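Colleague: I would like to learn how to read ring pairs, nonpolar cores and confidence in a model like this one. Could we begin with the rings?

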Amino acid sequence: MTKKTGTARPNLSAVAAHAGVSTATASKVVNGRPDVAEGTRERVETAITELGYRGPSRASAARTVELMVDILNTTYATQILRGVVLAAEELSIDVVVGRVRHRSSRGVMESSAAWAQRIAAAEHIGAIVLTSGLGPDVYGSLARARIPIVVIDPLDFAQAGVVSVGSTNWLGGRSAAEHLVGLGHQHIGVIAGPAESISAVARLDGFLSYCRQKGVEVEPDLVRPIRFDHDQAVQVAEEWFRRPDPPTAIFAGSDAQAMGVLEAARRTGLLVPEDVSLVAYDDTPIASWANPPLTAVRQPLEEIGRRALLTVQQLHVGNPVDSHHIEIATTLVVRDSTAPPRTDLVRMTRS
């Protein structure tokens, strides 16, 4: 049989259609999964042969995705990692965890091109990058090595064609504002994430948009973009709590920042929520473990990790994605850290 020229390379969807099965079933056959009927397996294998499909080899010993994380010792990162690992188990894929920049055995910082070549040489099927700005050199190196990449919560969308996964950050910020304003708060502080992070900016914009809609003015001095960091949040919140007119509520852009606000309240003798209400973002386990348990915007972090892994696999087998930015819905979880403002505090802030 003469190989056709000038035609597009068949993807897994084409194999599935040719065999009369779902793409998920075709993927199971390609990946050597045992839970496929023998007749179905034969039809898929025949379709693979007839179409000349060249997907990942089942004989390959390396079926690995590399997950790169800047900082791993956070509950946010571990929840993402859990979602990646659970999805990888379903597809018999291994996960290795590393950093974007690696040191070689000689202690020299590895270049982006060398890093991409190392992943390709190891036959990794793709890479997932968690909350990091890689820069065009890294993206270019990965593209030249033909390595699928998915970015979780990217700092920016500047790299055309790069697939990313995140949550509905704008709506999440808006739901936090709706909750606090609905409780009667008018004097609100916002400890936002880094100004260069699009997810942090979206959360802040959604929050401020709802406040403007309801006629609540958030003072510029009470909006502070910082790292998603506990210690910096302590400093900011302490500064605000020592003002003559401290905010009656604070929206923190991460659980770590919210824990910093709790510490600042303890140091300054304020009670949450009696003196100040607090809404966190992420809803990792520490939000429910806090004292008091935190009202928080929940990001479905495990599902985000799972979707990232499945998307890498989808790109690896040659299937196109429906969108280059996948957003998963957030929800507001109300706990004990929010309440209506004290009536005496309301009078003070309005005077």
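Modeller: Two rings of Phe, Tyr or Trp are taken as a pair if their centres lie within 6.5 Å, and planes under 30 degrees apart count as stacked. In this model, which is predicted, ring pairs link Phe207, Phe251 and Tyr281 into a cluster.

Colleague: How many aromatic pairs does the structure hold, and what is the geometry of the one that Phe207 and Phe251 form?

Modeller: The structure holds two aromatic pairs. Phe207 and Phe251 are stacked, with 4.9 Å from centre to centre and 10° between the planes. Because Phe207 lies in helix H8 and Phe251 in strand S8, the pair ties together parts that are 44 residues apart in sequence. Both Phe207 and Phe251 are buried.

Colleague: Which residues touch the most other members of the largest nonpolar core?

Modeller: In soluble globular proteins, nonpolar side chains tend to be buried together. Here the largest nonpolar core has 26 residues, of which Ile80, Ile128, Ile152 and Leu309 touch the most other members. Among the elements that give two or more residues to this core are helix H4 (75-90), strand S3 (124-130) and helix H12 (301-316), and the largest share, six residues, comes from H4. Beyond its neighbours within four places in sequence, Ile80 is in contact with Leu130, Ile152, Leu301, Ile304 and Gly305. A second, separate core of 24 residues includes Ile191, Val236, Val261 and Ala296.

Colleague: Where does pLDDT stay under 50?

Modeller: Where pLDDT is low, the predicted coordinates should not be read in detail. The chain averages a pLDDT of 83, but the value stays under 50 over residues 102-111 and is below 50 over residues 347-351.

Definitions and conventions: Residues are numbered from 1 along each chain as its sequence is written. This is a predicted model: local features need pLDDT of at least 70, side-chain atom pairs count only at pLDDT 80 or more; totals for chains, interfaces and linings use all residues. Side-chain values use heavy atoms; hydrogens and water are left out. A nonpolar core is a set of buried Ala, Val, Leu, Ile, Met, Phe, Trp, Tyr and Cys residues joined through side-chain atoms within 4.5 Å. Buried means under 20% relative accessible area, exposed over 50%, partly exposed in between (1.4 Å probe, protein chains only). Helices (H or I, at least four residues) and strands (E, at least two) are DSSP runs, numbered from the N terminus. Contact means heavy atoms within 4.5 Å. pLDDT is the predictor's confidence in each residue, from 0 to 100. Rings of Phe, Tyr and Trp (its six-membered ring) pair if their centres lie within 6.5 Å; planes under 30 degrees apart count as stacked, over 60 as edge-to-face and the rest as tilted.
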